[in-house]
Amino acid sequence: MVAFFVSTHNFIGMAKKWFLAPVLLLLAAGACNNAEKEKAGTVQSVNLKTDDEQFLALKDTAQAKINTFIDSLKPHALDSNYRFLVKSDFVDGKEHEHMWSVVYKYIDGKFTGIFADSALYLKTIHPGDPVLIKQSDVEDWAIYDYLHNKDLGNFSDKYLRSKKTAGE
């Protein structure tokens, strides 16, 4: 007879990894845009000047209220009733794109998550790629609370939609 012993600590660590992997895959699948839709012209982008005062003011609003985001993320990060996203600037050479990532952890001023957008110009980042975003780099944030049918944040959405409509 052979006995197998697994320490509780190792078992819990393995269980967390096995639980976390499918949850992260579900988050990525639910949040990532389809690249084929992008090529078909369904992804909307807006070109703004670097010094667009109204957009920068919306970033300031997001930063001023980011503790609301962090306080909600901590207890609900892996709860399927919630989705947490942050928008930040991704850079590749001279190209910049401001895009969304699903985040699931906040430690020491940094969000850990998965890139959830479809880059139009950048070739170095793809949907599902892991990301680490500094709190100070967050330009906008959004919380989708499916349990209570509420959305919080997403401060730039209305402004960007108005710019898209005006530019068409």
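**Contacts and exposure at selected residues**

In this predicted model, the side chains of Gln135 and Tyr106 are joined by a polar contact of 2.3 Å. A polar contact is a pair of N or O atoms within 3.5 Å; within protein, one must be able to donate a hydrogen and the other to accept it, and residues adjacent in sequence count only if both atoms are side-chain atoms. Residues are numbered from 1 along each chain as its sequence is written, and side-chain values use heavy atoms, with hydrogens and water left out. Local features need pLDDT of at least 70, side-chain atom pairs count only at pLDDT 80 or more, and totals for chains, interfaces and linings use all residues.

Gln135 sits in the loop between β4 (130-134) and β5 (140-145). Helices (H or I, at least four residues) and strands (E, at least two) are DSSP runs, numbered from the N terminus. Neighbours within four places in sequence aside, Gln135 is in contact (heavy atoms within 4.5 Å) with Gln63, Ile66, Ile70, Tyr106, Gly109, Lys110 and Phe111. Ile70 is 65 residues from Gln135 along the chain, and their C-alpha atoms are separated by 9.7 Å.

Ile70 belongs to helix α4 (residues 66-76), where Ile66, Phe69, Ile70, Ser72 and Leu73 are buried. Buried means under 20% relative accessible area, exposed over 50%, and partly exposed in between (1.4 Å probe, protein chains only). An α-helix has 3.6 residues a turn, so residues three or four places apart point the same way. The buried residues of α4 pack against α3 (53-64), β1, β2, β3 and β5.

Strand β1 (residues 82-92) holds Phe90. Phe90 has a relative accessible area of 12% and is therefore buried. Leaving aside neighbours within four places in sequence, its contacts are Glu95, His96, Glu97, Met99, Ser101, Phe115, Leu122, Ile125, Val131 and Ile133. Leu122 lies 32 residues from Phe90 in sequence; C-alpha to C-alpha, the two are 8.1 Å apart in space.

Asp108 is in the loop between β2 (95-107) and β3 (110-115). Its relative accessibility is 72%, so Asp108 counts as exposed. Asn154 is in the loop between β6 (150-153) and α5 (157-167). With a relative accessible area of 22%, Asn154 is partly exposed.
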